[in-house]
Amino acid sequence: MSTSLSTRDIVYIALFAALTAALALFPPITIPLVGVPITAQSMGPMLAGAILGAKRGALSMVLLLALVAIGLPILAGGRGGLGVFAGPTVGFLLGWIPAAWVVGVLHELGWRKLTVIGSFTHAMIGGIIVLYAIGVPVLAVHASLPLKTALFGSAAFIPGDLIKAALTGVIAMAVKRAHPIIEVRQSQPA
């Protein structure tokens, strides 16, 4: 895969940053104990990785977070600006980048034999396990919570995240059949 970005790559990256921003339109639900809202936006990194692949998926999340940093209110609840990077959700926000990357790598590696279940599993690994591995410890530090409390508090989000991963699997397979964007990793046997 080339290291430079084509115009098409840039369009896809911008499109998925915009799609993730649009997912903020679904009203967030805040869990009182941890203060982190349940939003549809966490599906953005799953979709970006599953449809664009690792590099473009991660770059779409970098673009989204850069737009947030300059003050655009494109996070759930109309949040934006540098202040969101000082709050308890910062680990989850920054975790969108590696989450999209991991989802993308897994989709690229398994592209030829990809099924809805495989895509769901890849979205779950990157979009839930990787995201929580980053977000929960940062939440614990920012909210002055024991790690165990932050982990149990975050468990309330897992059912919704599993639904998002399942939707990602269905959507990714539909896109694969209609208009595949991902380039298969070279290390994969034909």
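The paragraphs below go through a predicted model, from the whole chain down to single residues.

The secondary structure of the chain consists of 7 helices and 2 strands. Read from the N terminus, the order of the elements is α-β-β-α-α-α-α-α-α. The chain has a radius of gyration of 16 Å, close to the 16 Å that the globule rule gives for 190 residues, so it is as compact as a globular protein of that length. Along the principal axes, the C-alpha atoms fill a box of roughly 50 × 30 × 25 Å. Of the 190 residues, 46% count as buried. Among contacts with a separation of 6 or more, 73% are between residues 24 or more positions apart.

Which residues does Tyr132 contact, leaving aside neighbours within four places in sequence? They are Phe92, Pro137, Ser154, Phe157, Ile158 and Asp161. With one of these, Phe92, the tyrosine also forms an aromatic pair. A search of the whole structure finds 1 aromatic pair. The ring centres of Phe92 and Tyr132 are 6.0 Å apart and the ring planes stand at 90°, so the pair is edge-to-face. The pair links distant parts of the chain, with Phe92 in helix H4 (residues 90–109) and Tyr132 in helix H5 (residues 116–142), 40 residues apart. Both Phe92 and Tyr132 are buried.

Helix H3 spans residues 54–69, which is 16 residues. From the first C-alpha of H3 to the last is 22 Å, close to the 22 Å expected at 1.5 Å a residue. The buried residues of H3 include Ala58, Met61, Leu64, Leu65 and Val68. Helices H1 (7–22), H2 and H4 are included in what covers the buried residues of H3. Just after this helix, Gly71 takes a positive phi of about 110°.

The loop between H3 and H4 contains Val84. Is Val84 buried or exposed? Its relative accessibility is 9%, so Val84 counts as buried, the cut-off being under 20%. Not counting residues up to four places away in sequence, Val84 touches Val68, Leu75, Arg79, Thr89, Val90 and Leu93. Val68 is also one of the buried residues of H3. Val84 and Ala69 are 15 residues apart in sequence, while their C-alpha atoms are 8.1 Å apart in space.

The last helix to consider is H7, with 21 residues (158–178). H7 reaches 30 Å from its first C-alpha to its last, close to the 30 Å expected at 1.5 Å a residue. Its buried residues are Asp161, Lys164, Ala165, Thr168, Gly169, Ala172, Met173 and Lys176. These buried residues pack against helices H2 (43–52), H4 and H5.

Key:
Residues numbered from 1 in each chain as written. Predicted model: local features only at pLDDT ≥ 70, side-chain atom pairs only at ≥ 80, totals over all residues. Heavy atoms only, no water. Phe/Tyr/Trp six-rings, centres within 6.5 Å; stacked < 30°, edge-to-face > 60°. Helix = DSSP H or I, 4+ residues; strand = E, 2+ residues; numbered from the N terminus. Buried < 20%, exposed > 50% of the residue type's maximum accessible area, 1.4 Å probe, protein only. Expected span 1.5 Å × (residues − 1). Contact = heavy atoms within 4.5 Å. Rg over C-alpha atoms; globule rule 2.2 N^0.38 Å.
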